[in-house]
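Please open the structure in the viewer and keep the selection tool at hand.

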2 protein chains.
Amino acid sequence: MVSLLLTFEMLYLIGLGLGDAKDITVKGLEVVRRCSRVYLETYTSILTVGKEALEEFYGRKLILADREEVEQEADNILKDADISDIGFLVVGDPFGATTHSDLVLRATKLGIPYRVIHNASIMNAVGCCGLQLYKFGETVSIVFWTDTWRPESFFDKVKKNRQNGMHTLCLLDIKVKEQSLENLMKGRKIYEPPRYMSVNQAAQQLMEIVQNQRIRGEEPAITEETLCVGLARVGAEDQKIAAGTLQQMCTVDLGEPLHSLIITGGSIHPLELEMLNLFSVPKNSLESQSIDGLGT
Amino acid sequence: MVSLLLTFEMLYLIGLGLGDAKDITVKGLEVVRRCSRVYLETYTSILTVGKEALEEFYGRKLILADREEVEQEADNILKDADISDIGFLVVGDPFGATTHSDLVLRATKLGIPYRVIHNASIMNAVGCCGLQLYKFGETVSIVFWTDTWRPESFFDKVKKNRQNGMHTLCLLDIKVKEQSLENLMKGRKIYEPPRYMSVNQAAQQLMEIVQNQRIRGEEPAITEETLCVGLARVGAEDQKIAAGTLQQMCTVDLGEPLHSLIITGGSIHPLELEMLNLFSVPKNSLESQSIDGLGT
């Protein structure tokens, strides 16, 4: 097999997949090992291993790139990409949960060719729970609420998806390089420890939205009994999947990040249900419970 | 890094990604090389290289498994998976376009543990055209029409997606191990050459549906001017992407299979549009054309 990859100097956007260092593709690894500089994007997702484990496996140094750097110093990242290969590593797929279109467009404007080396992302790997991927509607993001900012607007999309019988993948918030209000106001670049929303937290926020809608006299699109699926560390050896009611998602223990949550679409295909039963919590069949969503 | 993968004998469902032999993950390759038997699923998708190229790269023999075998002889595939590792290779991701839930459920019933090694599939790799993945609605399949079977029902899903401002990924038909009517009736296991639907063929069928709806006095959800994206060999080095009207998709030359088609959702984000302009056909900006879908 002759690879043409070596012919041009360019920007490579390389997906790392979801688990650990070995989830990179063989092609991706070859490119990483020969690039003159390799950046590791750190703000949209994480692997179960850190930068050091990746560096050890790749046998080379990586440059961390947070959102600020990618957005404000894209030209530094692209520097010399016309005369040497530059790698930009993204957990999941480069065009997965978040788009890296901006970097591609900047490269193109500078006349730098680019190439994407795809990998699994949560957007397709969620299929492992048994829900059929083609039946997913619009993906939503659930952000950490604060005392003063408690957005509910994403809930309309869940409603629309359910009205159309579609499942909703909820991507859960990640806070990295977050500054406390005090440090932010004083301009001190001191950052809080990273935070990753758990399925429990997401489910609790959803329960509160349901309650709020009831108080306002609205008919909520989901209830405490709606069938949901919590997923943790998808693709890793210790991945966990739990299928149960929204209420159960408030307390199920899925362990370390990253977590994702699926709100099922109301009508579940028998084959989907059979797969979900492998992951039901508590460990009795989902069919024996009065769960909203099991009318098929 | 110590891998725990070696601990249990089990069934491995391994995604191969989309391009060639080197799109397997490092983890997947390690598993393939040590399994006692490895099957290659041949009916849902294809790579740009064949079985021989894979065998050469993996350094081992593969057993082809068509739909019939997987469905009717699953027990053979699973034989001895409790005492040795069995690999089952799927182009894309094992839970991508088509579900392989059935094999997983059979393994589980036999007490055989399983593990999924994810990879890119068309379901997430289409993000490379610049359309945002979270804005895709239900995925549809477009099948080859015959003289007597010309289904249009999938078109309702396109309509619903567009009403909700969502893009529609259309997976295009694959016919492998197809028998002519004569051979089928005579019980002869002689198969026609494989057929893969092109973007041109899909667009032509869509145009006919639009015409039929007009004849019936219905308002079609799309027109000849609707902005579409044709994709060919996504993830391969010679991948091609073309953005233009449905009309243009009828004649655009994207080369060899596999092809996919996206019908955009009506309202395109400026960043999406800027990316699509990299692939516009003919080579003038999409903004200068009277294309349906560019109202933002």
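This is a predicted model: local features need pLDDT of at least 70, side-chain atom pairs count only at pLDDT 80 or more; totals for chains, interfaces and linings use all residues.

Over the face of which ring does R33(B) lie? Select R33(B) together with F57(B): the arginine lies over the face of F57(B), at 5.9 Å from the ring centre.

Select R195(B) and F144(B); R195(B) lies over the face of F144(B), and here the figure is 4.2 Å from the ring centre.

**Aromatic pairs**

Remain with the rings. Over all chains, the count comes to four aromatic pairs. To view one of them, select F154(B) and F155(B): the ring centres are 6.3 Å apart and the planes stand at 85°, so the pair is edge-to-face. Both F154(B) and F155(B) are buried.

**The two copies**

Now colour chain A and chain B separately. The same surface serves both copies, since 100% of the contact residues of chain B recur in chain A.

**The interface**

Select the residues at which the chains meet. Chain B contributes 58 residues to the contact, and chain A contributes 58 residues. The area buried between chain B and chain A is about 4,900 Å²; carbon and sulfur atoms give 60% of that area.

How many salt bridges does the rule find across the interface of chain B and chain A? There are eight salt bridges across this interface. For one of the salt bridges, select K22(B) and E30(A), whose side chains meet at 3.0 Å, N to O.

**The cysteines**

The last stop is in chain A. A disulfide is a covalent bond between the sulfur atoms of two cysteines. Select C129(A) and C128(A): C129(A) is in no disulfide, and the nearest cysteine sulfur, that of C128(A), is 6.1 Å away. Is C129(A) buried or exposed? C129(A) is buried, its relative accessible area being 0%.

Finally, select C228(A) and C170(A). C228(A) is likewise in no disulfide, and the sulfur of C170(A), the nearest cysteine sulfur, is 7.7 Å away. C228(A) is buried, with a relative accessible area of 0%.

Terms used. Residues are numbered from 1 along each chain as its sequence is written. Chains are lettered from A and ligands numbered from 1 in the order in which they are written. Side-chain values use heavy atoms; hydrogens and water are left out. A disulfide is a pair of cysteine sulfur atoms within 2.5 Å. Buried means under 20% relative accessible area, exposed over 50%, partly exposed in between (1.4 Å probe, protein chains only). Contact means heavy atoms within 4.5 Å. Rings of Phe, Tyr and Trp (its six-membered ring) pair if their centres lie within 6.5 Å; planes under 30 degrees apart count as stacked, over 60 as edge-to-face and the rest as tilted. A charge sits over a ring if NZ of Lys or CZ of Arg is within 6 Å of the ring centre and within 35 degrees of the ring normal. Buried area is the accessible area (1.4 Å probe) that two parts lose on being put together, summed over both. A salt bridge is a side-chain nitrogen of Lys or Arg within 4 Å of a carboxyl oxygen of Asp or Glu.
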